[in-house]
Amino acid sequence: MRPPILFPAFTDIKAIKGCGPRLAEQIGRLAGPHAVDLWWHLPSGLVDRRYQPRLADAVPGRIASLHLRIGQHQRPRSPRQPYRIMAHDETGEIALVFFNARPDWLARTLPEGEERIVSGRLETFQDRLQMTHPDLIVTVEDWPAQEKVQPVYPLTAGLSPKVLGRIVAGALALAPDLPEWQDRAFHERQHWPSWLQALQAAHRPAEEADLSPLSPARARLAYDELLAGQLALALMRGRTVRRAATPLQGDGRLVAKALAALPFSPTPAQSACLAEIAADLASGKRMHRLLQGDVGSGKTLVAALSALTAVEAGHQAAIMAPTEILARQHAAVLQPLADAAGIRLAVVTGRDSDKAKAALGAALEAGEIDLIVGTHALIQSRMRFRSLGLAVIDEQHRFGVHQRILLGERERAGDGPAHLLVMTATPIPRTLTLALYGDMEVSRLEGKPPGRQPGITSMAPVDRLDDVIDRLRRRLDEGAKAYWICPLVADEDETAEQAAAEGRARMLSAVLGADRVALLHGRLKPAEKDAAMARFADPDGAALLVATTVVEVGVDVPAASLMVVEEAERFGLAQLHQLRGRIGRGTAQGRCLLLYTPPLSDVARARLETLCETDDGFVIAERDLALRGAGEVLGTRQAGLPQTRLADLAVHGELLAAARDDARLIMTTDPELTGPRSAALKVLLYLFERDAAARLFRSG
Ligand code: ADP
Ligand code: MG
């Protein structure tokens with residue numbers, strides 16, 4: 001139950017004086033339906049009316065508040081002309097200009113012969129000073145009480161700044177003083193105001209500096225939001241992780257056999273991650289671990305050997321991949337290892353018939369399958385395991401949902417608490433990792449397996465297309481294999497992407513020969529996709545794969561060393577990095593050419609240049625974050641990135657880390673949340689609408 005002290009926060013904005021239904025709807029669309037939504041609707045600027053020059057010194061272009069004596073009203077002679085009112089001080093004269101104004105209102109507001117303070121932007125017209133539609137006209141007596149600095153709020157069409165400002169002020173008047181939930185020592189060190197003071201100050205900026213996200217008031221509010229998020233994650237995590245899970249203690253027997261069959265041995269980084277995972281599996285607590293490793297860093301092997309450990313311990317393992325192609329490829333890579341270890345491997349994807357799935361399900365339930373690789377079909381069909389010990393989710397960001405949703409599905413499916421390993425190659429900046437995965441342990445697979453040459457990435461305008469194709473032909477003649485990536489179509493319209501890919505494939509077939517070109521896009525039938533991949537993977541098959549971004553994830557054809565990406569500026573940086581991760585996996589040096597359509601904006605150019613300069617996914621991710629802001633880096637919605645309203649992850653990274661640490665500390669020192677801080681923390685969670693987490697509080 002929401003604490004009563006927060007009832008005002010969730011007042012319907014319609015209850016605010018002056019906010020009728022139409023206005024409430026507009027504001028609701030802009031900010032949200034409750035007072036609290038307006039609290040979080042912080043000013044994006046300010047109007048400073050403290051500049052009060054005499055007319056002789058007044059600088060055109062600035063906002064000024066002028067002490068004027070009102071002179072003659074000059075009514076327009078035609079409706080297209082403005083209504084002009086002359087006014088002066090002892091140093092000069094100015095015209096106040098009104099279009100479509102109501103004369104009676106003007107007569108009342110600016111009576112001839114009286115003094116007024118008139119505030120607005122100064123202009124010149126035919127070398128004479130004027131002010132069009134002053135923002136503010138007050139009497140000399142009322143001026144001292146007037147707010148000289150006014151906040152400017154982000155607006156939506158049809159909403160007037162004055163009206164919105166008034167409603168926000170009405171909402172702010174409802175804000176109660178709330179108990180302090182921040183750690184006292186931390187709060188003192190930051191020299192931050194109390195919550196209420198911070199809220200009020202954030203809405204009453206006096207200087208440009210007060211608008212900075214790092215100003216004490218804004219930083220405090222941002223921290224509160226981050227703390228609420230991290231605490232909610234920690235609480236959820238407490239629920240999932242603290243749950244006991246079967247300890248999986250492997251004896252190394254199957255892992256040893258698989259390793260003996262491998263042409264290489266694990267890198268030190270792979271071994272380190274494997275050790276962390278083995279310790280989790282054996283701990284008796286449910287593992288909840290993220291394995292983060294750049295494209296090509298060798299995550300598959302870590303997943304495979306972890307799965308073997310689960311099987312050694314007498315349980316089953318499942319590896320879920322985002323696409324059909326990837327699931328099949330995993331199965332192909334894992335088969336020799338499974339054979340060497342003598343375990344039973346199966347694959348399931350959406351294309352399997354219901355009958356085949358039922359048979360697989362029965363075999364799983366009977367314990368006749370040790371390791372299963374599959375797509376979503378793994379959790380969608382009602383597959384039951386005899387004893388699922390470890391679930392691995394590969395490239396989890398591609399599932400387009402937060403892993404917890406998947407987890408929820410799993411739990412509903414009644415599979416019991418399996419250990420969970422989530423793998424991602426999206427090089428997420430540290431700060432975003434915390435926001436997305438603050439509730440998980442993180443293993444980082446640093447570096448790449450030995451023997452890789454760093455690839456070369458360059459960029460060129462698309463008008464050099466003929467040249468590019470010429471050079472490509474020469475490389476293919478020398479035996480190279482290449483990917484040709486077609487432009488991304490807005491909204492992932494697969495039909496349009498298909499058309500683009502087919503068109504390009506036709507054109508390239510005409511130039512290079514049809515037998516050398518294979519085509520892959522999302523709308524092909526599964527068997528056609530397989531055939532295309534097989535032709536491309538075959539050393540004597542197609543040398544060029546024209547494809548949409550379906551090859552983005554995980555596809556591994558080591559012989560491919562070249563890649564051309566069309567309209568590269570339309571892709572996300574992380575996505576381009578993933579794409580080029582497809583090449584240079586073998587002995588030949590990878591070369592990636594980013595074609596763009598000029599003119600490029602500065603940001604677009606900087607982004608593509610970043611890719612040309614570095615091959616380090618984490619550096620790329622950090623720069624992308626700085627260039628574009630958190631929301632866009634991963635595609636906020638898709639990646640399940642929490643929508644922050646006060647915190648900006650590109651700026652408040654350190655605060656996020658502090659919030660994470662604080663949340664963890666709270667969970668270790670007061671896991672039942674009964675201590676003195678807990679009542680205030682509960683208010684915090686409800687304030688940021690983390691109701692589900694707040695309800696996990698034991699105390700009332
Ligand atoms: P990703 O992390 O992108 O999933 P993969 O698991 O597909 O990367 O591995 C990329 C390539 O590196 C594969 O061809 C794989 O066989 C190879 N590889 C993995 N581990 C090693 C290793 N320890 N030594 C050499 N090559 C390795
Ligand atoms: Mg992979």
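Biologist: Before we get to the ligand, what is a polar contact here?

Modeller: A polar contact is a pair of N or O atoms within 3.5 Å. Keep in mind that this is a predicted model.

Biologist: Which backbone does a nitrogen atom of ligand 1 approach?

Modeller: That of S265: one of its polar backbone atoms is 2.9 Å from a nitrogen atom of ligand 1.

Biologist: And which side chains have a polar atom by an oxygen atom of ligand 1?

Modeller: K299 has a polar side-chain atom 2.7 Å from an oxygen atom of ligand 1. For T300, the distance from a polar side-chain atom to a ligand oxygen atom is 2.6 Å.

Biologist: How much of ligand 1 does the protein bury?

Modeller: It buries 84% of the 570 Å² that ligand 1 exposes when taken alone.

Biologist: How many residues surround it, and of which class?

Modeller: There are 16 residues around ligand 1, and Q270, G296, K299, T300 and R452 are the closest. The shell has seven polar, five charged and four nonpolar residues.

Biologist: New topic, the sheet. What is the strand order?

Modeller: The order is β6-β7-β4-β3-β2-β5-β8, an open sheet of seven strands with mixed pairing. β6 (123-125) and β8 (136-138) each have a single partner strand, so one side of each lacks a neighbour in the sheet.

Biologist: How do β2 and β5 run?

Modeller: They run antiparallel, joined by seven bridges. R69 stands opposite E115 in β5.

Biologist: Last one: R664. Where does it lie?

Modeller: R664 is in helix α24, residues 653-669. It is partly exposed, at a relative accessible area of 28%.

Conventions: Residues numbered from 1 in each chain as written. Chains lettered and ligands numbered in written order. Predicted model: local features only at pLDDT ≥ 70, side-chain atom pairs only at ≥ 80, totals over all residues. Heavy atoms only, no water. Helix = DSSP H or I, 4+ residues; strand = E, 2+ residues; numbered from the N terminus. Buried < 20%, exposed > 50% of the residue type's maximum accessible area, 1.4 Å probe, protein only. Pairing = 2+ DSSP bridges. Near = heavy atom within 4 Å. Polar contact = N/O pair within 3.5 Å; in protein donor to acceptor, adjacent residues only side chain to side chain. Areas by Shrake-Rupley, 256 points an atom, 1.4 Å probe, with all protein chains shown as cover. Nonpolar A, V, L, I, M, F, W, Y, C, P; charged D, E, K, R; others polar.
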